Amino acid sequence: MAKVVYVCSALKGDIKNNKKKAAIYSRKVMELGYIPYTPHLMFTYFINEDIREEREHALQMGLEMLPYCNELWIFGYRITEGMAAEIRRARQLGIPVYYKSVKILDIRIAERRKQAVKKAA
């Protein structure tokens, strides 16, 4: 069974652009053979980020799902308040936390594709 990776990246600030980045990060996780869990992509379809109570509820829902994840991967250079809470909770639960670079993931994806081509040949 594939590992579930909690995708931890910024949403606050430039929400539209940050959601696009989160989708890219999630795609990279999937291409490496893992299952991405990206709460801020899911929950923003039905919560209003501008309403503090709804935003806090969404953060709490993400934290409630964290124990079902095998790893937490941090993307981006800025750690938001919500990300810090996710990282703290993962560490409390003993879930491995990794900082990831899209460039490094692209190299790993390319290597994985080359191996798949060799196997098929």
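Predicted model: local features only at pLDDT ≥ 70, side-chain atom pairs only at ≥ 80, totals over all residues.
Me: What makes β2 and β4 the edge strands?
Reply: Strands pair if DSSP finds at least two bridges between them. The open sheet has 4 strands in the order β2-β1-β3-β4, with parallel pairing. β2 (35-37) and β4 (97-99) each pair on one side only. Strands and helices are DSSP runs numbered from the N terminus (strands E, at least two residues; helices H or I, at least four).

Me: How do you know that β3 pairs with β1 and with β4?
Reply: Pairing requires at least two bridges. There are 4 bridges between β1 and β3, and 3 between β3 and β4. Ile 74 takes part on both sides, as the partner of Cys 8 and of Tyr 99 in β4. Trp 73 has Tyr 98 as its partner in β4.

Me: How is α4 placed relative to the sheet strands?
Reply: α4 lies across β1, β3 and β4, at about 150 degrees to β3. Such angles run from 0 to 180 degrees between N-to-C directions, with axes fitted to C-alpha atoms, for helices over the stretch in contact.

Me: Why is Trp 73 called buried?
Reply: Buried means under 20% relative accessible area, exposed over 50%, and partly exposed in between (1.4 Å probe, protein chains only). Trp 73 has 1%, so Trp 73 is buried. On β3, Glu 71 and Trp 73 on one side and Leu 72 and Ile 74 on the other are all buried, and both faces are covered.

Me: What makes a set of residues a nonpolar core?
Reply: The members are buried Ala, Val, Leu, Ile, Met, Phe, Trp, Tyr and Cys residues joined through side-chain atoms within 4.5 Å. The largest such core has 18 residues, and Tyr 6, Cys 8, Leu 66, Leu 72 and Ile 74 touch the most other members. β1 (4-8), α3 (52-65), β3 (71-74) and α4 (81-93) each give two or more residues to this core. Apart from it lies another core of 9 residues, among them Tyr 25, Leu 32, Trp 73 and Phe 75.

Me: Why is the pair of Tyr 25 and Phe 75 called stacked?
Reply: Rings of Phe, Tyr and Trp (its six-membered ring) pair if their centres lie within 6.5 Å; planes under 30 degrees apart count as stacked, over 60 as edge-to-face and the rest as tilted. Here the centres are 4.3 Å apart and the planes at 10 degrees, so the pair is stacked. Tyr 25 is in helix α1 (residues 15-31) and Phe 75 in the loop between β3 and α4, 50 residues apart.

Me: Why is the pair of Trp 73 and Phe 75 called tilted?
Reply: The planes stand at 55 degrees with the centres 6.5 Å apart, so the pair is tilted. Tyr 25, Tyr 34, Trp 73 and Phe 75 form one aromatic cluster.

Me: How do you know that Lys 100 lies over the face of Trp 73?
Reply: A charge sits over a ring if NZ of Lys or CZ of Arg is within 6 Å of the ring centre and within 35 degrees of the ring normal. Lys 100 is at 4.4 Å from the ring centre of Trp 73 and lies over its face. Lys 19 lies over the face of Tyr 45, at 5.3 Å.

Methods:
Residues numbered from 1 in each chain as written. Heavy atoms only, no water. Contact = heavy atoms within 4.5 Å.
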